Amino acid sequence: MARRLGLTLSLMLAGCAALPPGVLSTAPLQFQHGRLVDAPEGLPASAHVAGVPFFSDDRHYCGPASLASALEFSGVQTSPQQLIPQVFTPGLEGSLQFDLLGAARRAGRIPIVLPPRLGVLFAQVAAGYPAVVLQKVGLGARDWHYAVLVEYDLHADRVTLRSSTARDLQLSIEQFDRSWAAGGRWAFITIQPGQFPPDITESLYLHAVAPLEGVAPDAAHVAYEAALRHWPESWIAMMGLGNLAYARKDYPQAAIHFAQAARLQPQDGDPMNNLAQALLAAGDWKAAQGAIDVALRLGKPRPDVYRKTAAEIAKARAAALKETQAP
Amino acid sequence: MFPSQIYRQFLVATLGVSLMAAAPAARAELIGTQQLTESSAQDSATLAKDRATLDSFMARADVQTKLEQMGLSQEVTQQRLAALSDAEVAQLAGRINSMPAAGTLGFQDMVLILLVAILVVLAL
């Protein structure tokens, strides 16, 4: 029981152990006999992202150091010192993975956790995005480490990382893949709203943007608008714009966006539900009634929510009618 | 009601919820974008319940003590919680709900594990 707890703890935590990597993974490697397994089409044989900042760390701050590299490179004025309170947990002497993601969101950048494929990871570097990677670098339960991938070379069998006190740590691809695989091949890039990395689908992109609505709404707004230019049929991006408008109490604008989402996705009741909510909040319960009737008729995917909305509208209707009947 | 539930409710009632998992302003009847991007179906009522579960947990005296021991201020923790996605909150709520009752063997370990998870989220 204690060992399982310890393992659970260690898997969440990167304590920046500085032993040489390349250890325990029994997962099938993705670079074999000099070839990348499942390489994306058109991937260059080598690529290097120039100008990625380096923050030396000889203690436990590989989380803040790596994140600061990635964020600064993507245009955020920051430093490991500024990030420590957001990502570092003193009692654990390390940084937890999703605290890195949360801090990226708070800085107005979109953290995208990559699919666990070496080819996709390299494709990001080829497109100019450095990636923060999680590695297991030793045999101990706490030997986890964050570093920043800035280069790969398939022919020279080499990757280059910003890692601890090494500005350009070089590993063989297999060494890197082993250490990366031991952590589930976890890596993320931080992008500006409006950037579209390779092999990142609409679904993955929007999944990464949505959590920004609460902590960085302006960035989320720009990201959704850019998504619509990139994927003009993206009704979910339109719903995102609507939800943002609703959150800042601009109900007419929210209604416009939800109506547009409904036009793009006419068989789905969710846009009509939110449209009804926006209309109700804007004071027009009659129009809200019309919208929720459509949602109820469509009946999916969340009929329980539509019924709750309908009940709210009914209350507003009753209150309005009572007023007009007052002597 | 089981003793552990009474204990929890007593704590919440006396301490108040000082560490809120400050949710983005969403009402149960407005379908959030995160629900649309999640592959598994999520409903608003569950989301609200999950955030409440997280809030209650963070309000416990033993949890607050552990946070202090770990060198984390309430403000810092609050900010980190606010940056969690709905899916992350749901994962954590699930783990809180499956915790053993107070006083059993391994309970303090579980509190620590969960706390660690809450400050980020289990990627597992």
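Colleague: Which residues is A:I112 in contact with, leaving aside its neighbours within four places in sequence?

Modeller: A:F188, A:I189, A:I191, A:P197, A:I200, A:L204 and A:A208. Contact here means C-beta atoms, placed from the backbone, within 7 Å. Keep in mind that this is a predicted model, where local features need pLDDT of at least 70, side-chain atom pairs count only at pLDDT 80 or more, and totals for chains, interfaces and linings use all residues. Residues are numbered from 1 along each chain as its sequence is written, and chains are lettered from A and ligands numbered from 1 in the order in which they are written.

Colleague: Is A:I112 buried or exposed?

Modeller: Buried, because 24 other C-beta atoms lie within 10 Å of A:I112. The cut-offs are 20 or more for buried, 12 or fewer for exposed, and partly exposed in between.

Colleague: And which strand is A:I112 in?

Modeller: Strand β7 of chain A. Strands (E, at least two residues) and helices (H or I, at least four) are DSSP runs, numbered from the N terminus.

Colleague: What does β7 pair with?

Modeller: β7 (residues 110-113) pairs with β12(A) in the antiparallel sense over four bridges; pairing takes at least two bridges found by DSSP. In that pair, A:I110 stands opposite A:I191. Strand β8 (residues 131-136) of chain A also pairs with β12(A), antiparallel over two bridges, and there A:V133 stands opposite A:A187.

Colleague: Why is β12(A) called largely enclosed?

Modeller: Five of its five residues (187-191) are buried, so the rest of the structure largely encloses β12(A). Both faces are covered: A:A187, A:I189 and A:I191 on one side, A:F188 and A:T190 on the other.

Colleague: How many residues are in the largest nonpolar core?

Modeller: 114, and A:L67, A:A131, A:V132, A:V209 and A:A276 have the most contacts inside it. A core is a set of buried Ala, Val, Leu, Ile, Met, Phe, Trp, Tyr and Cys residues joined through C-beta atoms within 7 Å. Helix α10 (residues 235-247) of chain A gives the largest share of this core, nine residues.

Colleague: Changing topic, what pLDDT does chain B average?

Modeller: 64, with 49% of the residues scoring at least 70; pLDDT is the predictor's confidence in each residue, from 0 to 100.

Terms used
Contact = placed C-beta atoms within 7 Å.
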